[in-house]
Amino acid sequence: MDKLYWLDQIKLQDRAKVGDKAFYLSKIIQRGYPVMPGFVVSAEILREFLENLNSSESLVADLPHSSLHLDVTNWRQLQQVASRLRQEILTATVAQQCVSTIFQAAREWQTSCLILRPTLAVSTANPGMKNISGLLESVFCQCEPDAIALALKRTWSQIFRARSLLYWQHSGINLQQINLAVLVQPVENAIASGLLKANPSGWEIEATWGLGIAIALGEVQPDVYYIQPETGVVLEQQLGNKMLAYGFDDAASGAFSQPIPNSAPIPDRTCLITYLLPEAQQKQYSLQEEYLQQIIALGNQLVSELGKTFTIKWTIAGQTTSSKLYITQVSPSQSVIPHAHFIRGLGAAGGRVVATALVIINPQHKPEQLPKGVILVIPTITPDWLPLLQQVAGIITEQGGLTSHAAILARELSITAVVNATSATTLIQTGERLLLDGDRGEVYRIKGDSKEEMERGREENLLSPHHLNPKAPHAAVTSHLPMIATQLLVNLSQPTLIEQVQNLPVDGVGLLRSELMVLNILNGQHPHSWILNGHQAELLELWSEQIMQFARAFAPRPVFYRSLDWRSQDLPSLRDSLESSPQSMLGERGTFSYLQNPAVFELELKALASVQQAGYTNVNLLLPFVRTVEEFVFCRRKVEQAFLTEVAQFQLWIMAEVPSVLFLLPEYVKAGVAGISIGTNDLTQLLLGVDREQGQLAKVFNERHPAVMSAIAQLIQMAESAGIPCSICGQAPALYPEIIDKLVEWGITSISVEPEAVERTYQAIARAEQRLILAAARRKLN
């Protein structure tokens, strides 16, 4: 168990881990409002608990990977399954470290009674999902390790009750979408507790003696006060029917009468006691005028935060001589605080941004320009959209995975993006205000123009990488970075990014994507068209200047220029008459296309030669998607004919992305390959049979798959045996930084990532190298 999430420290990105109830309370307590202190046991702890129940006969063992399809119309079967699931959870053991961490934190409150409140975040795009606040109940327990462990299990098990299973199925919710956290707070005896329900037409305050559980269980009819919002005047009040009150058994509170002889702890609520109130107290209103005015004043303050429609639960804790008003739950109007997302996809490029949506149904019909600052909503994006994307604030696509073109372009341009957002172009309309969260892969609809929304919009935009000064944070970071032995390189394609990237702590450019770079100069025409129309010399000059900008900025650091690698369907606006095959997932891409028609490749080599002739000797060539040794030999001869190899520093590398390289690398080295760069994007899809543009598959089959990791390890080892450097330039290290430990351990020469991932990758490399050094030192001591 890594940590607890304290209410006064919870951040926006923690919401899925802590659930809605805790998240809303955290926003209020951080603005200075009176909230009972507490911490959250995150939803990840429940998932770990379920995954550790690995009995072969256990129903729970399959739950993390099951949507639990039940015949909910068969009530007997539903009850049997629910009962067995809950029993398995209740009889299992909670990790001792987890219980100890909670116990030690709770002891700081010096209380003998705790309340564990279920706090839920459900990841679903179902806009019709009803309020689920009453589905799960709070659990009380003594502040003791064994009691805490049992209370945790009782809280967790509620999502598997028969009524819960029925609700999940009817709402179309899978278990994977349910994030159940537990908010732990101290219990203090209360003078009175209740609710404040606010709306523009009037307020309603409900109150009862003691703890609010009496209202939640329906065991009392609370007092009701009707309030005029603008003036705070009590328009009407009705006396309830309150025969009992709840407290906890440390000591009888002054708010209650003395316990009568037949009072006892509540079953399953071992630290609670119910008290019968004397008739005189039953006929009294539970709120003194002083307390009533405190609640009204608190409500008026919350209007500026939550708008005119909200509900809070409150309690007045302590004795009549010493008391304090606390908020115990906040339920804001969703139109005011738009945290309930209505679309979820894959977070492809981090940050959060609020902007107006622009929906384009057919990506083939590309406009000449896009309005500045919009969130582009589109089925898919091909690389030829790149020049248009410079102006947008965010991107939402219906298709694509984390290594899709849309994801790669967004990360390089630092544009917040969510991909694989099903039905986005149908659910979103042009002109709608959206909050796009690229870290969590969620889209929120913002309604209205309240002060809270506008402030939140400005806050989100300031948090977005699109609005950060690219130089300032890096200058501060590089001054105290540790030394690393593994080279860190950067992936680039846009000259406009050179100024902000060249001062990053990188050893050069590990991947200069030519196909994206030249889109800035092609004016919508395929390179073949330029050549056929007699504009080869003009194109050569433009192409050379593009490469030279990178060579000049990073000299003497190396720049690895990857020659063109595109499929016709990736660039629909640039198709030319030389296409010889229908569209396919692979197409005639990579070096095979050079054999078919070498004219453009020869032009690229001339451009590289021009850069060398201008005095820049730091540019190397990286050949893409090489299938056979024969293809490489063909390209090597073309390189020699262009006299590139006459510069001693020049190196000819290949991308290691077609699985045949696992068997042919020694032959490639004999043929003249000076180094390899592992392209994890294509290597993954070819090893696992997964199209990277299909987001649903990509969620399951990614670079962390054992087959892919084994292939990477093999390539690094083979390169070391052959005496050549091995780099990695796919998205894997940036998307899954945990694999950097393995890459460093295996002996990777260099790692190349997007600009936005440079800082965290540098730190990850430093930690990995330090761990290796420490491990070696310990072995030596032993």
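How many of the 782 residues in the protein chain are buried, as a percentage? Buried residues make up 56% of them. Buried here means under 20% relative accessible area, with exposed over 50% and partly exposed in between, for a 1.4 Å probe and protein chains only. The model is predicted, so local features need pLDDT of at least 70 and side-chain atom pairs count only at pLDDT 80 or more, while totals for chains, interfaces and linings use all residues. Residues are numbered from 1 along each chain as its sequence is written, and side-chain values use heavy atoms, with hydrogens and water left out.

The protein chain holds 28 helices and 30 strands. These are DSSP runs numbered from the N terminus: helices are H or I with at least four residues, strands are E with at least two. Contact means heavy atoms within 4.5 Å. Of the contacts in the protein chain with a separation of 6 or more, 69% are between residues 24 or more positions apart.

Start with helix H2, residues 43–51. Its buried residues are Ala43, Ile45, Leu46, Phe49 and Leu50. Seen down the axis of H2, they fall within an arc of 155°, so they line one face of the helix. That arc is taken from the directions from the helix axis to the C-beta atoms. An α-helix has 3.6 residues a turn, so residues three or four places apart point the same way. The cover over the buried residues of H2 includes helices H1 (15–29), H3 (75–91), H4 (96–107) and H5 (145–157). Strands E2 (39–41) and E5 (178–186) are also part of that cover.

Nine of its nine residues are buried. Ile178, Leu180, Val182, Val184 and Pro186 point one way from E5, and Asn179, Ala181, Leu183 and Gln185 point the other way. Two strands pair if DSSP finds at least two bridges between them. E5 pairs with E2 in the antiparallel sense over three bridges. There, phenylalanine 39 has valine 184 as its bridge partner in E5. Strand E3 (residues 113–122) also runs antiparallel to E5, joined to it by nine bridges. Leucine 114 stands opposite proline 186 in E5.

Now move to the barrel. Eight strands close it in the order E23-E24-E25-E26-E27-E28-E29-E30, with parallel pairing. The twist averages 30° from one strand to the next. Strands E23 (residues 487–492) and E24 (residues 509–513) pair in the parallel sense over three bridges. In E24, leucine 511 is the bridge partner of asparagine 491. Helix H20 (residues 599–613) packs on the sheet, touching strands E25 (559–562) and E26 (619–623). The direction of H20 makes about 160° with that of E26. Axes are lines fitted to C-alpha atoms, for helices over the stretch in contact, and angles run from 0 to 180 degrees between N-to-C directions.

Follow E25 next. Both its faces are covered: Val559 and Tyr561 on one side and Phe560 and Arg562 on the other are all buried. E24 and E25 pair in the parallel sense over three bridges, and valine 509 has valine 559 as its bridge partner in E25. E25 and E26 pair in the parallel sense over four bridges. Arginine 562 stands opposite leucine 622 in E26.

What of the cores? A nonpolar core is a set of buried Ala, Val, Leu, Ile, Met, Phe, Trp, Tyr and Cys residues joined through side-chain atoms within 4.5 Å. The largest has 118 residues, and those with the most contacts inside it are Trp543, Leu621, Leu623 and Ile676. Leaving aside neighbours within four places in sequence, leucine 621 contacts residues including Tyr561, Phe601, Leu605, Leu608 and Trp653. A second, separate core of 49 residues includes Leu53, Leu78, Cys98 and Cys141.

A search of the whole structure finds ten. Rings of Phe, Tyr and Trp (its six-membered ring) pair if their centres lie within 6.5 Å; planes under 30 degrees apart count as stacked, over 60 as edge-to-face and the rest as tilted. Tyrosine 167 and tryptophan 168 have ring centres 5.6 Å apart and planes at 75°, so the pair is edge-to-face. Both residues are buried. Phenylalanine 632 and tyrosine 668 have centres 6.4 Å apart and planes at 90°, so this pair is edge-to-face. It links distant parts of the chain, with phenylalanine 632 in helix H21 (residues 629–641) and tyrosine 668 in helix H22 (residues 661–671), 36 residues apart. Phenylalanine 632 counts as buried at 0% relative accessibility.
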